[in-house]
Each structure stands twice: as structure tokens, then as C-alpha cells.
Amino acid sequence: MNKKAYCDYCDDFIEFNIKENQVLYDEIFDVNYLGTTCFCKRCSNKVNPDDIEILNMKKANDEYERKIIKPEDIKNLLEKYSIEANNLSNILEWEEDTITRYINGSKPSIKNSNILKILYENSNEIVNLMKKWYNINVF
């Protein structure tokens, strides 16, 4: 027996074709990943069988986890520049506990992760941010 999925356009459960290794985008994780898409055999519109959607979500999550900065790297960043977590959050104009939450296991967005990676890899960036913050908040 062939698998079936509900097709919104046909308003019925229909057999579907599978295309694997498609470059897909996940809006929640903000990542591209290789996943599987399925198409109704009757009308060719996309269908979303639950088991394939779960596998795609796992692949998107795996890609997200691979891309984001790790808590240990954030700790190393703080040590590298001798800065407290709350101070770095303030300098970046984030909520004061953001860096602490990331260190404790909360996951940063890809955008915030990339900012932290740039700061870790390029000391000029953090020095410039610190100078800017210091001038605004002290003088």
C-alpha cells in the first residue's frame, strides 16, 4: 500500500511523489538545509506528510545547531576580552541577561550568533563597540 497525505487542493488523501535532497529554508531557525519535499500525484501541489515534516524539522534543527555559537565559545569570548556577560549584553544593546542565558543553554538566533562569532574572531569589532558604548554611557 502506498503512503498518502492530505492535499488541500484536492481535498482528499492522495498518494504523493517524493523529491529528496532539496534545498529548503526554515523560517523559524533561519537556515537552509537539505530536506525532502512531497507533491500530490493528482494535482502536483505540495503536500506535507507528518513523518517527512518531522524529518525535515530535525534536519533544520541539526543545521541550526551546527551553525550557532556554542556556550563554551561564548565563555571563551568573555575570558578573551575580560568582560562580564551582562556588560557584553549592554554593549550589544541586548537585554542584560541575554549572554548569560546563552551560556546557560538558551539558543541564540543565527543573527546574534553571527555577531558573537565576529566579535570572537575580530578583536577590532569588540574594541570599537566598547569604545562607542563607553563614550555614550560615561561622557
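**Close-up views of a predicted protein model**

**View 1. Phe39 in strand β3.** F39 lies in strand β3, where helices (H or I, at least four residues) and strands (E, at least two) are DSSP runs numbered from the N terminus. This is a predicted model, in which local features need pLDDT of at least 70 and side-chain atom pairs count only at pLDDT 80 or more, while totals for chains, interfaces and linings use all residues. Residues are numbered from 1 along each chain as its sequence is written, and side-chain values use heavy atoms, with hydrogens and water left out. At 25% relative accessibility, F39 counts as partly exposed; buried means under 20% relative accessible area, exposed over 50%, and partly exposed in between (1.4 Å probe, protein chains only). Not counting residues up to four places away in sequence, F39 touches E15, F16, N17, K19, S44, N45, K46 and V47, contact meaning heavy atoms within 4.5 Å. F39 and I115 are 76 residues apart in sequence and 38 Å apart in space, C-alpha to C-alpha.

**View 2. The open sheet.** Four strands, in the order β1-β2-β3-β4, make up an open sheet with antiparallel pairing; two strands pair if DSSP finds at least two bridges between them. β1 (4-7) and β4 (46-47) are the edge strands, each pairing on one side only. Strands of a sheet pair through backbone hydrogen bonds, either parallel or antiparallel. Four bridges join β1 to β2, and Y6 stands opposite F13 in β2. The hairpin of β1 and β2 has four residues between the strands, and D11 takes a positive phi near 55° there. Strand β2 (residues 12-26) is joined to strand β3 (residues 31-40) by nine bridges.

**View 3. Helix α1 against the sheet, with Thr36.** Helix α1 (residues 50-67) lies across β2 and β3 and runs at about 170° to β3. Axes are lines fitted to C-alpha atoms, for helices over the stretch in contact, and angles run from 0 to 180 degrees between N-to-C directions. T36 is found in strand β3 and counts as buried because its relative accessibility is 12%. Its contacts, not counting residues up to four places away in sequence, are I18, K19, E20, L24, I52, N56 and K59.

**View 4. Cysteines without a disulfide.** The structure holds zero disulfides, a disulfide being a pair of cysteine sulfur atoms within 2.5 Å. The sulfur of C38 is 11 Å from the closest cysteine sulfur, in C40, and therefore too far for a bond. C43 is in no disulfide, and the nearest cysteine sulfur, that of C7, is 3.5 Å away. C38 counts as buried at 1% relative accessibility, whereas C43 counts as partly exposed at 28%. I18 stands opposite C38 in β3.

**View 5. The largest nonpolar core.** Of the 17 residues in this core, I74, L78, L88, I99 and L116 touch the most other members. Elements giving two or more residues to the core are α2 (71-80), α3 (85-91), α4 and α5 (110-121). A nonpolar core is a set of buried Ala, Val, Leu, Ile, Met, Phe, Trp, Tyr and Cys residues joined through side-chain atoms within 4.5 Å. Leaving aside its neighbours within four places in sequence, L88 is in contact with L77, L78, I83, I99, L116, L119 and I126.
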